[in-house]
Amino acid sequence: MLSRLAPRLRLIVLTTFVMTGFAANSVLCRLALRGDHMDPAGFTSLRIASGALSLWLLVSLGGKKRVGGDWGSALALAAYAITFSFAYVSLTVGTGALLAFGAVQASMLIGGLLAGERLKPVQTAGLILALGGLVYLVLPGVAAPTPLGATLMLAAGVAWGVYSLRGRGVNAPALATAGNFLRALPLVVAVSLPFLREMHADAMGVAYAIVSGAVTSGLGYVIWYAVMRELSVTQAAVVQLSAPVIAALGGVLLGEALTLRLVLASVAILGGIACVVTSRR
């Protein structure tokens, strides 16, 4: 029995860590941009540079002389990071979450269907329940988005979905992620150059970007690629709906009120995720 539970417990712990990292990325980005601690182009460049450096050091200390990854994944990573940062300049938290996670779900579920996966009735019910919980959770913060902000966030969601799908079957997650970050860095820098005059940063903004890049992105994405090998595309898509819940619960730990809306939405989202994840193919 213990031999069966150990791999499942490990998967749960790793997935929880990754989703916490995803939630932290949103929080760190919003703190940096909304607090005017840093501009979106500078934040994105430093985020990817920090991730690339930390991962390069990680694989070098591990005795590896060559990284993995590919330019297709790097392009998806760069597109996600750039559009995500610029989108949050004009979007509220609730609207951004709906657009981003809606796009992630759509792109990954389509990828799963094309790969031959099919949803069981209980998985379909779980998906609907989780999405409904997300809408209920962020509804108070939903506002009509600007066309540019909405387009950028939808693009970020699709790009992240593509990046996740390309990680399935990767045998060396650390090497692949390091290579993707190193390749994405010049792409991000090239896009950021036209905004050079608008770049600004204080110590707090730099700290947010470095933590987001080296820890919650760099290390988080390595573990995400490892976790993806244990999940179906459908499961990997739906489990990401836990990130807004984790972010909201983190706010409670920082002193925000624990509301009935948060409790009910959390139960719906986590219950829906459980229906999808525990249903075996």
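Biologist: Which helix supplies the largest share of the lining of the second largest pocket?
Modeller: In this predicted model, helix 1 (2-34), helix 9 (233-239), helix 10 (242-253) and helix 11 (260-277) each supply at least two residues of that lining. The largest share, eight residues, comes from helix 1.

Biologist: How much space lies in the second largest pocket, and which residues are the closest to its centre?
Modeller: The space in this pocket comes to about 760 Å³. It is lined by 22 residues, and those closest to the centre are Arg8, Leu11, Ile12, Thr15 and Val277.

Biologist: Is glutamine 105 buried or exposed?
Modeller: Glutamine 105 belongs to helix 4 (residues 93-114), and, leaving aside neighbours within four places in sequence, it is in contact with Leu127, Leu131, Ala237, Val238 and Leu241. Its relative accessible area is 3%, and because the cut-off for a buried residue is under 20%, glutamine 105 counts as buried.

Biologist: Which residue's backbone oxygen does the side chain of glutamine 105 reach?
Modeller: The side chain of glutamine 105 comes to 2.6 Å from a backbone oxygen. That oxygen belongs to alanine 237.

Biologist: Which residues have the most contacts inside the largest nonpolar core?
Modeller: In soluble globular proteins, nonpolar side chains tend to be buried together. Here the largest nonpolar core has 75 residues, and those with the most contacts inside it are Tyr80, Met153 and Trp224.

Note on methods. Residues numbered from 1 in each chain as written. Predicted model: local features only at pLDDT ≥ 70, side-chain atom pairs only at ≥ 80, totals over all residues. Heavy atoms only, no water. Core = buried A, V, L, I, M, F, W, Y, C linked by side-chain atoms within 4.5 Å. Buried < 20%, exposed > 50% of the residue type's maximum accessible area, 1.4 Å probe, protein only. 1 Å grid on protein atoms, 1.4 Å probe; cavity = no way out; pocket = protein on both sides within 12 Å on 5 of 7 lines; lining within 4 Å. Points joined across faces, edges and corners; volume = space filled by probe spheres on them. Helix = DSSP H or I, 4+ residues; strand = E, 2+ residues; numbered from the N terminus. Polar contact = N/O pair within 3.5 Å; in protein donor to acceptor, adjacent residues only side chain to side chain. Contact = heavy atoms within 4.5 Å.
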